[in-house]
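Work through these exercises on voids and helix packing. Each task is followed by a stepwise solution.

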Amino acid sequence: MTLTWQKVDAIPGWFGAHSYALWRSLLDFQAENVRGNLFEIGVWRGRSASVLASYCRDDETLYLCDIQVDAPALGTAFESVGAKGRNIVTIAAPSSELPGRLDLRAMHQTVRWMHIDGEHTGSAVYSELELANQIVRSDGLVVVDDFFSPRYPANTTEAVRYLEKNPFHFRLLAVAFNRGYFCRPESLPRYMDYIAGGLSRALHAYDCPSTIFKTTGPWDTDAVGITSFMPEAGSIAGPDNQPHRWHMMGARNVWSPWRHIQNGFRMFFGR
């Protein structure tokens, strides 16, 4: 794979270096044993789509939806990151037309990564999450752009509304770098294991040292927050009264016995 941040950064768009590192870390994790198609709503010149194209295997398809699809620009973007010749399906239409344009029966739970970066209205985000529920795999991820953005508050309010009305469809996994990351409830333990045990190293390997915050327990929320590295907090920070202890993870049955041993060593040595 010839994908680098410098190549992605040369493509017009708003997809930042921190999100690039997090996407690559999560897509690398998926590559171990998750297979499926990829989907993006809101493409423009293909900046973030170039990352997805780079991870699209020969037996997978990347679906790209935008009101207007600039096919030459996308081709140039994908070629620039070494992702030429992927299986690409483009849909030049608003996302509201996708249910009528796609074979939803054939696509049922076939998508492992869905990025929602389209109309940015509450009704659109809610409908796009309804679509995601139909096509995203049980071990897939949904990423909502401009989550907690003051410019687009409806992206947050309607995503949260959808979760409240449909608690068994998706759970909020992480809030990071202007995006919300959602997974199926049944895959939450697996992704949380990775976040607790391997994500910090993966982000650092992509030149993005970060701090992962888990400041409340599962009785409150499962989600973590991820920011640029904060030296006073370290790579993983727990509750405010004990910032260097990620206690609530140890109380959940989401870690393997070996993970508990590893965490015990980390806690014993104060790291």
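Predicted model: local features only at pLDDT ≥ 70, side-chain atom pairs only at ≥ 80, totals over all residues.

**Exercise 1. The cavity**

Solution. 
- Step 1: A search of the whole structure for cavities of 30 Å³ or more finds one.
- Step 2: List the lining. Leu22, Leu26, Leu173, Ala174, Tyr181, Ile195, Leu199 and Ile226 surround the largest cavity.
- Step 3: Assign elements. At least two lining residues come from helix 2, and at least two from strand 6 (171-176).
- Step 4: Sort by class. Eight lining residues are nonpolar, with no polar and no charged ones.

**Exercise 2. The pocket**

Solution. 
- Step 1: Find the contributing elements. Helix 2 (17-31), helix 3 (47-54) and strand 2 (62-66) each give at least two lining residues. Helix 2 has the largest share, three residues.
- Step 2: Sort by class. The pocket lining splits into 13 nonpolar, 11 polar and 10 charged residues.

**Exercise 3. Helix 6 against helix 7**

Classify the packing of helix 6 (residues 122-135) and helix 7 (residues 153-165).

Solution. 
- Step 1: Take the geometry. The two axes come within 8 Å and cross at roughly 40°.
- Step 2: Apply the angle classes. Under 35 degrees would count as roughly parallel, and 65 to 115 as roughly perpendicular. Helix 6 and helix 7 are therefore oblique to each other.
- Step 3: The crossing of helix 6 and helix 7 is right-handed.
- Step 4: Name the contact. Helix 6 uses Gly122, Val125, Tyr126, Leu129, Glu130 and Asn133. Helix 7 uses Ala154, Asn155, Glu158, Ala159, Arg161, Tyr162 and Lys165.
- Step 5: Sort by class. This contact has six nonpolar, three polar and four charged residues.

**Exercise 4. Helix 2 against helix 8**

Repeat the analysis for helix 2 and helix 8 (residues 188-197).

Solution. 
- Step 1: The axes come within 12 Å and cross at roughly 125°.
- Step 2: Over 145 degrees would count as roughly antiparallel, and 65 to 115 as roughly perpendicular. Helix 2 and helix 8 are therefore oblique to each other.
- Step 3: The crossing of helix 2 and helix 8 is right-handed.
- Step 4: Ser25, Leu26, Phe29 and Gln30 of helix 2 meet Arg190, Tyr191 and Tyr194 of helix 8.
- Step 5: By class, the contact of helix 2 with helix 8 has four nonpolar, two polar and one charged.

How values were computed: Residues numbered from 1 in each chain as written. Heavy atoms only, no water. Helix = DSSP H or I, 4+ residues; strand = E, 2+ residues; numbered from the N terminus. Nonpolar A, V, L, I, M, F, W, Y, C, P; charged D, E, K, R; others polar. 1 Å grid on protein atoms, 1.4 Å probe; cavity = no way out; pocket = protein on both sides within 12 Å on 5 of 7 lines; lining within 4 Å. Points joined across faces, edges and corners; volume = space filled by probe spheres on them. Axes fitted to C-alpha atoms, helices over the stretch in contact; angles between N-to-C directions. Left-handed = near helix turned anticlockwise from the far one by under 90°. Contact = heavy atoms within 4.5 Å.
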